[in-house]
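Subject: Structure handover

Hello,

Here is the structure I promised to pass on. Please open it before reading the rest.

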Amino acid sequence: MKTVVIIGGGPAGLMAAEVLSSKGVQVDLYDAMPSVGRKFLLAGKGGLNLTHNDPVDRFATRYGNRQAQIEPMLTASQSGFGADEVREWAAGLGIETFVGTSGRVFPKDMKAAPLLRAWLHRLRHPDVSEGGVPVRFHMRHKWTGWNAAGELMFDVKDGTQATSRKACSSVVLALGGASWKRLGSDGAWAGLLQTRGVDVAPLVPSNCGFDVSPAWSEHFKTRFAGHPLKTVAIDGTRGEFVITETGVEGSLIYALSSQLRDAISVNGNTMFHLDLLPDFSQERVLREIQHPRGSKSLSSHLKSRLGLDGVKMGLLYELLSKELMNNALALANACKALQIRLGSARPIDEAISTAGGVRFEAVTDGLMLNQLQGVFCAGEMLDWEAPTGGYLLTACLASGKRAAESVIASLAL
Ligand SMILES: Cc1cc2nc3c(=O)[nH]c(=O)nc-3n(C[C@H](O)[C@H](O)[C@H](O)COP(=O)(O)OP(=O)(O)OC[C@H]3O[C@@H](n4cnc5c(N)ncnc54)[C@H](O)[C@@H]3O)c2cc1C
């Protein structure tokens with residue numbers, strides 16, 4: 001029986017294991033942590049967004065300049081694994097899904113744990129009458145590279161041995177990005193691959209928060225850190241985000257994070273224009289502000305005429321001078337396009353995901369490294385990024401499947 005090693009037990013590695021083991025391959029799956037799927041479980045905490053109900057052509061655009069590489073992996077006619085396949089696969093594990101109002105697809109109970117439990121059960125106890133082979137899991141094995149003989153080297157954390165070696169014909173690396181290190185993905189693989197001549201783009205935060213520049217005032221931070229800004233828009237896209245101690249984070253910011261991050265890396269800082277009142281035109285806002293307010297304070301006036309209060313009002317007072325607050329036109333403009341300047345992205349460890357990684361130019365269409373025969377890569381460690389919305393997990397699963405199918409082809413099974 002053929003044996004294949006998979007290193008990394010996140011969604012990409014587990015999907016590779018599923019495809020290989022169902023085809024009669026003995027899979028040895030190694031992971032540095034005491035259990036697999038820790039980031040996947042964390043993703044389930046706020047509601048596991050498995051995939052998205054976007055039309056197929058729109059879905060693929062979410063991968064930006066890597067659309068050409070990711071799209072075939074999602075396309076059913078090319079043996080891909082897109083949104084429909086993700087939902088069918090979840091249903092096969094007994095997890096029904098539903099489409100939320102934003103088009104995001106979630107398990108009915110929103111959780112990751114039941115899905116992961118059912119998945120691991122199937123990997124450990126496949127249908128042997130159909131040719132499935134149980135996956136062997138090796139936890140607490142941190143991969144540290146290759147020795148001179150070309151064997152895989154692991155640091156073993158169970159106290160019984162310091163290192164473990166494994167010779168194999170094919171290996172799938174599914175080592176994740178470099179955020180939330182405590183869950184296992186530390187990005188240390190980047191150096192290991194670079195020393196073997198693999199082209200790895202620098203790992204940078206994606207779907208991340210930002211620090212404002214200048215910093216929030218003590219007063220604003222104390223009052224509003226943790227407060228959500230609901231029903232706002234940036235560049236015509238509606239959504240929400242949260243004020244943090246040092247800046248901003250949340251889905252609307254994450255959607256723009258690649259542009260904001262890249263602009264900061266070129267210019268040292270950047271800004272976005274926040275529409276605090278997307279339901280009102282600029283003219284209407286101006287009219288309401290100019291409406292006679294009698295003895296009312298400006299705050300009560302803005303609240304009664306435009307519904308501005310709480311953190312929205314706080315932001316205006318934080319960012320506009322007294323003169324601008326008292327200038328109806330300047331205030332109306334600010335309500336529709338409040339400038340918020342950002343100085344830096346939050347550290348990669350806090351990010352939802354990682355951009356950068358093994359460049360697609362360094363792998364074949366089947367995701368095998370050009371420099372290392374028989375070594376395949378899948379998941380977030382590849383150089384692509386996407387906004388939140390289920391696009392991350394979908395591409396991780398799809399690339400795990402693609403890598404496994406290429407292994408099968410290379411083994412001529
Ligand atoms: C808070 C949060 C919420 C999220 N929510 C969503 C969501 O709702 N929807 C969505 O689509 N995406 C979400 N994501 C992103 C998604 O979880 C990741 O993109 C996905 O888990 C990446 O899968 P992966 O298999 O490539 O890597 P990972 O899941 O990171 O798995 C990599 C595995 O490799 C192991 N490993 C790493 N290095 C080594 C080594 N040297 N030796 C051995 N093992 C090693 C790690 O221990 C880990 O188990 C979220 C992420 C976060 C942080």
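Below is what I found, from the whole chain down to single residues.

**The chain as a whole**

Please keep in mind that this is a predicted model. The chain has 413 residues, and 52% of them count as buried. Its secondary structure comes to 15 helices and 19 strands. The C-alpha trace spans about 85 × 40 × 40 Å along its principal axes. The accessible surface is about 18,300 Å². Carbon and sulfur atoms make up 50% of that surface. Now take the contacts with a separation of 6 or more: 67% of them join residues 24 or more positions apart.

**The ligand**

There are 31 residues around the ligand. Which of them come nearest? They are Asp31, Trp143, Ser185, Glu380 and Leu393. By type, the shell divides into 16 nonpolar, 11 polar and 4 charged residues. Four elements each supply at least two residues of the shell: helix 1 (11-22), helix 2 (38-43), strand 7 (141-146) and helix 15 (391-411).

The side chain of Ser185 has an N or O atom 2.5 Å from an oxygen atom of the ligand. For Leu393, a backbone N or O atom lies 2.8 Å from a ligand oxygen. For Ala12, a backbone N or O atom lies 3.0 Å from a ligand oxygen. Taken alone, the ligand exposes 1,000 Å², and the protein buries 94% of that.

**Salt bridges**

Side chains of opposite charge can pair when their charged atoms come close. The count here is 19 salt bridges.

- Glu361 and Arg66 meet through their side chains, at 3.2 Å from N to O. Glu361 sits in the loop between strand 18 (353-358) and strand 19 (375-377), while Arg66 sits in the loop between helix 3 (56-61) and helix 4 (67-74). The two are 295 residues apart in the chain. Glu361 is exposed, at 52% relative accessible area. Arg66 is buried, at 10%.
- Arg346 and Asp211 also meet through their side chains, at 3.1 Å from N to O. Arg346 is in the loop between strand 17 (338-345) and strand 18, and Asp211 is in strand 12 (residues 210-212), 135 residues apart. Arg346 is partly exposed, with a relative accessible area of 23%. Asp211 is buried, with 16%.
- Arg238 forms a salt bridge with Asp279, and the closest N and O atoms are 2.8 Å apart. Arg238 belongs to strand 14 (residues 237-243), whereas Asp279 lies in the loop between strand 16 (270-275) and helix 10 (282-290). They are 41 residues apart. Arg238 is partly exposed at 48% relative accessibility. Asp279 is exposed at 55%.

There is also a network of salt bridges, linking Asp54, Arg58 and Arg62.

**A loop residue to look at: Asn207**

Asn207 lies in the loop between strand 11 (200-206) and strand 12. Is Asn207 buried or exposed? Asn207 counts as buried because its relative accessible area is 1%, under the 20% cut-off. Its side chain makes a polar contact with the side chain of Ser353, at 3.0 Å. Leaving out residues up to four places away in sequence, Asn207 touches Tyr254, Ser257, Ala351, Ile352, Ser353, Ala386, Pro387, Thr388 and Leu392.

**Backbone details**

- The peptide bond from Ser213 to Pro214 is cis, with omega near 0°. Pro214 is in the loop between strand 12 and helix 8 (218-224).
- Ser79 is not a glycine, yet its phi is positive, at about 60°. Ser79 is in the loop between helix 4 and helix 5 (83-92). Ser79 is partly exposed, with 32% relative accessibility.
- Leu367 also has a positive phi, near 70°, in a residue other than glycine. Leu367 is in the loop between strand 18 and strand 19. Leu367 is buried, with a relative accessible area of 1%.

Over to you.

Best wishes

Note on methods
Residues numbered from 1 in each chain as written. Predicted model: local features only at pLDDT ≥ 70, side-chain atom pairs only at ≥ 80, totals over all residues. Heavy atoms only, no water. Near = heavy atom within 4 Å. Polar contact = N/O pair within 3.5 Å; in protein donor to acceptor, adjacent residues only side chain to side chain. Areas by Shrake-Rupley, 256 points an atom, 1.4 Å probe, with all protein chains shown as cover. Nonpolar A, V, L, I, M, F, W, Y, C, P; charged D, E, K, R; others polar. Buried < 20%, exposed > 50% of the residue type's maximum accessible area, 1.4 Å probe, protein only. Contact = heavy atoms within 4.5 Å. Salt bridge = Lys/Arg side-chain N within 4 Å of Asp/Glu carboxyl O.
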